[in-house]
Amino acid sequence: MDTPANVEPDFPLARLTTVRAGGPADLFARPASDAELVELLSWAAGEEIDIGVVGSGSNLLISDDGFRGLVLKLDGDLASVEREGTRVVCGGGARLPSATAKVARWGLTGLEFGINIPGTVGGAVRMNANAYGGELGRVLEWVDVCTAAGAERREPDQLGFAYRRSNLKPGEVVSRASFQLAEGDVDEIKATLAGMRDQRREAQPSGIKTFGSTFKNPDDDERAGGRTAGQLLEAAGCRGLQVGGARFSDKHANFVENAGDATTADVLALMADGRRRVHERFGVVLEPEVQLLGDVSWPDGWELDTA
Ligand SMILES: Cc1cc2nc3c(=O)[nH]c(=O)nc-3n(C[C@H](O)[C@H](O)[C@H](O)COP(=O)(O)OP(=O)(O)OC[C@H]3O[C@@H](n4cnc5c(N)ncnc54)[C@H](O)[C@@H]3O)c2cc1C
């Protein structure tokens with residue numbers, strides 16, 4: 001196999017995630033343009049190599065054994081933020097909080113919800129990220145999706161958005177997204193952002209190694225009684241619970257914290273324990289929000305007897 005010059009072997013991935021856990025990728029590249037991205041995707045397809053994409057790694061848990069394939073992290077042109085009037089076009093690798101701050105300085109409103117989502121634009125589209133009732137789909141105009149076959153433009157109603165979900169498949173990479181925003185008052189927008197930052201500081205731990213929400217909020221309202229995943233975990237006694245180096249945060253029970261040198265196996269064991277406790281206490285089956293990369297095996301006890 002002839003590996004392209006821009007592909008690095010055996011690349012450590014833990015430092016590309018906010019929880020700082022997991023093993024290396026067999027192959028890794030940082031494409032900086034659509035052409036380079038499509039070239040890599042089509043090379044990998046020809047060689048039957050699996051594709052993984054890492055944005056800011058802020059909702060990502062990588063197997064301790066790493067990933068047997070090519071991991072891509074978008075860079076250069078694919079991480080830019082550009083304005084065309086009230087439209088803002090971002091590379092899939094642009095960081096959402098810095099794009100939000102830049103857009104605020106331009107006096108454009110509509111992207112404020114992104115200030116506290118520490119992911120990339122591509123990761124936000126893939127995950128249908130949301131905060132404070134601001135919906136990505138409300139301002140998103142189109143996305144360019146690259147595959148081995150080339151780039152294709154898709155509208156929001158083609159993306160299958162649901163709670164923390166889209167229909168993007170592995171090997172489909174969001175290279176660019178366009179947001180249709182509105183003109184607003186710079187000071188008002190900045191004040192909104194400051195308020196959102198304060199609200200977040202009160203509700204969530206800061207300065208910890210975490211991938212944010214571990215489990216999705218349940219849709220089983222009858223059993224969950226309208227409670228969030230965090231409230232259920234807390235009521236089931238999970239706050240501060242620790243397995244190896246992984247701990248449910250003291251401040252927010254749905255946040256797993258790497259308290260030292262947590263392995264992914266520690267995180268998975270902790271998740272299984274929390275899920276079991278919530279099921280035993282409330283009969284609710286929590287499903288992970290965090291995305292998995294690589295060959296991840298759940299520990300014994302993950303499967304619950306739901307009969
Ligand atoms: C402290 C903290 C607070 C958070 N708060 C929120 C919140 O309020 N609301 C919210 O919704 N989320 C929140 N999150 C979770 C996370 O930030 C979001 O899910 C974010 O959208 C993930 O983006 P990312 O770039 O980090 O993606 P990653 O974690 O790197 O990847 C997540 C998934 O997206 C895929 N992906 C990444 N980039 C692309 C791309 N360009 N094309 C195709 N697929 C791609 C990956 O392959 C993976 O499957 C929080 C996380 C943390 C750590």
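Here is a chat about a predicted model of a protein chain and its ligand.

Q: What share of the residues count as buried?
A: For the protein chain that is 43% of the 307 residues. As for contacts between residues at least 6 apart in sequence, 67% of them join residues at least 24 apart.

Q: Okay, domains. Which ones is the chain divided into?
A: The division gives domain 1 (8-75), domain 2 (77-202) and domain 3 (221-293). Between the C-alpha centres of domain 2 and domain 3 there are 28 Å.

Q: Where does the ligand lie?
A: Between domain 1 and domain 2, because both of these domains give residues to the shell around the ligand.

Q: Which residues come nearest to the ligand?
A: Those are Gly55, Gly119, Gly122, Gly123 and Gly212, out of 32 residues around the ligand.

Q: Nice. Which element gives the most to that shell?
A: Helix H3 does, with five residues. H3 covers 121-127, and at least two shell residues each also come from strand E3 (51-53), strand E9 (130-131) and strand E13 (173-180).

Q: How many residues in the shell are nonpolar, polar and charged?
A: The shell has 14 nonpolar residues, 17 polar ones and one charged residue.

Q: What follows H3 on the way to E9, where asparagine 128 lies?
A: A loop, and asparagine 128 lies in that loop between H3 and E9. Its phi is near 45°, which is positive in a residue other than glycine.

Q: Is asparagine 128 buried or exposed?
A: Asparagine 128 counts as buried, because 20 C-beta neighbours sit inside 10 Å.

Q: What about glutamate 48, what is its phi?
A: Glutamate 48 has a positive phi too, of about 55°, although it is not a glycine. This glutamate lies in the loop between helix H1 (34-46) and E3. Glutamate 48 counts as exposed, because it has 7 C-beta neighbours inside 10 Å.

Q: Changing topic: how do strands E6 and E7 pair?
A: Strand E6 (residues 81-84) and strand E7 (residues 87-91) pair in the antiparallel sense, over four bridges. One detail is that glutamate 84 has arginine 87, in E7, as its bridge partner.

Q: And what does glycine 85 do in that hairpin?
A: Glycine 85 takes a positive phi near 65° in the hairpin, which has two residues between the strands.

Q: Last one: where is arginine 68 found?
A: Arginine 68 is in strand E5 (residues 67-72). Because 14 other C-beta atoms lie within 10 Å, arginine 68 is partly exposed.

Q: Which residues is arginine 68 in contact with, neighbours within four places in sequence aside?
A: Asp26 and Asp50. By contrast, the C-alpha atoms of arginine 68 and glutamine 199 are separated by 40 Å, with the two residues 131 apart along the chain.

Methods
Residues are numbered from 1 along each chain as its sequence is written. This is a predicted model: local features need pLDDT of at least 70, side-chain atom pairs count only at pLDDT 80 or more; totals for chains, interfaces and linings use all residues. A residue is buried if 20 or more other C-beta atoms lie within 10 Å of its own, exposed if 12 or fewer, and partly exposed in between; C-beta atoms are placed from the backbone. Two residues are in contact if their C-beta atoms, placed from the backbone, lie within 7 Å. Two strands pair if DSSP finds at least two bridges between them. A residue is near a molecule or strand if its C-beta atom, placed from the backbone, lies within 6 Å of it. Ala, Val, Leu, Ile, Met, Phe, Trp, Tyr, Cys and Pro count as nonpolar, Asp, Glu, Lys and Arg as charged, and the others, Gly among them, as polar. Domain bounds come from an automatic or database domain assignment.
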